[in-house]
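Welcome! Let us walk through this structure together, one part at a time.

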Amino acid sequence: MQTSRWHAHAMRKGAALAGCAALVVGLTAAGAQAHPGHRDPARQTLPANDGWAAHGTGTTGGAAADAARVYTVTTWAGFKAALAVPGTAPRIIKVKGTVDAVADGCDAFAVPGYDFDAYLAAYDPATWGHDTDLSAEPDDSPEGLRRASAARQDQAVKANVPANTTIIGVGRNAGFKGASLQIKGVDNVIVRNLAFESPVDCFPQWDPTDGATGNWNSEYDSAVVYGSTHVWLDHNTFTDGEHPDSAAPTYFGMLYQQHDGQLDIVRGADHVTASWNVFSDHDKTILIGNSDSESTAAGDRGHLRATFHHNLFENLVERAPRVRFGQVDVYDNHFVANDDYAYSFGVGKESALVAEYNAFTLPDGVSAAKVLKKWSEAPVTAAHNRVNGRAVDLIAVHNAEIPAETLRPGAGWTPTLRTEVDPARAVPGLVGRGAGAGRLR
């Protein structure tokens, strides 16, 4: 049995996943409210007017949790057990240290008979070609065994977050490795002060028909907001950690891609605020709206409203964010690019993106025209932004240099759910000092 040669050994380290670890490692002494004068981050709620998550009922997460529904966890099994406690009454889950969802490595998920070398031999384009995908392959084929192995990993690394929940890291070194938080079909969730090392898909699928030369496709975002409302993600760090794409091999002439996104907001999700986070060293970073198809558009129109402010987007390739349908407000963020940079803002189907007071640090030879990428005909507002310290009209420079993808100015709406807006020239310093896990005040 052999899994991917890139990560099979790198992910073996760590203690075995606890089978049924004790749920409650410790309980907070606080009651339903923080003690007067004591600023407990676990009981903080989203401030008024702080982005789309403040709309309507606002976002309080588990701030009002009784002491009996406050859990401190140190293992993946303990974390999942805390999430599984019945009921939707407010709960707080405090995470201590790094919680590893894949402590046993990829071999722990592989079904008997799965062999990566056999997979490569079976679907080599030199013999298989590019005209037929692998969907009809039987269960006992290399693809069938890959599917079964992938299903095991899917079950293990995904964690469903209930309504009225706050998940918060304790101190400066708390987070998740290889985990995928599923905020799916619920309301009122807060995720703060956590470092996420992107999940590594142990069993990517080769699709010979994806593009002219085929492609490797992977699963598992660090966090998915799927059909949920009132979600606040604050002071988190998202990175590829020990498994950057730059270290991945190529098979069949294509990068063996084992990462998906860092944060996806999809399937009619609504009222989301992402503030003071760091998104770094990743390819496809944030997707808002996952399809142009009419089957998903019906549920996405009028939803997918999200705010991003005071985040650091560093050494990313694309999708920061890529937007379909939603009214998305992106202000006071710092974008630091490297030579692999493709674009930041993806203007997609029926999107209404407002990008204001952002700062961009681009390397020599990378034009500000690349900041915006037109995928579909949709208007966009881009004002008061600065590139390498100078004020730049991002739409004008894009249209001048890429006339085949001319963008229309004016997104058609004006954001009102904002707290204090900082001038773009101040953003790099503010975000550099304050964004990311371990910097929650």
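How many bridges join strand S19 to S22? Strand S19 (residues 278-284) is joined to S22 by 5 bridges, and the two run parallel. Here strands (E, at least two residues) and helices (H or I, at least four) are DSSP runs, numbered from the N terminus; two strands pair if DSSP finds at least two bridges between them. Within this pairing, Phe279 stands opposite Phe313 in S22.

Before going on, please keep in mind that this is a predicted model, in which local features need pLDDT of at least 70 and side-chain atom pairs count only at pLDDT 80 or more, while totals for chains, interfaces and linings use all residues. Residues are numbered from 1 along each chain as its sequence is written, and side-chain values use heavy atoms, with hydrogens and water left out.

Now step back to the sheet. S19 and S22 belong to an open sheet of 10 strands with mixed pairing, in the order S3-S6-S9-S14-S19-S22-S25-S28-S31-S32. At its edges are strand S3 (98-100) and strand S32 (390-392), each pairing on one side only. On average, neighbouring strands of this sheet are turned by 25 degrees against each other, direction ignored (the axes are lines fitted to C-alpha atoms, and angles run from 0 to 180 degrees between N-to-C directions).

The largest cavity is lined by 13 residues (lining residues have an atom within 4 Å of a point). Phe313, Leu316, Phe335, Tyr341 and Ser344 lie nearest its centre. Strand S22 (312-318) and strand S25 (334-336) each supply at least two lining residues, with the largest share, 4 residues, coming from S22.

Finally, look at the aromatic rings. The structure holds 26 aromatic pairs, counted when ring centres of Phe, Tyr or Trp (its six-membered ring) lie within 6.5 Å; planes under 30 degrees apart are stacked, over 60 edge-to-face and the rest tilted. One of the pairs, Trp216 with Tyr251, is edge-to-face, at 6.4 Å centre to centre and 70 degrees between the planes. Because Trp216 lies in strand S11 (residues 215-217) and Tyr251 in strand S15 (residues 250-251), the pair ties together parts that are 35 residues apart in sequence.

Key: 1 Å grid on protein atoms, 1.4 Å probe; cavity = no way out; pocket = protein on both sides within 12 Å on 5 of 7 lines; lining within 4 Å.
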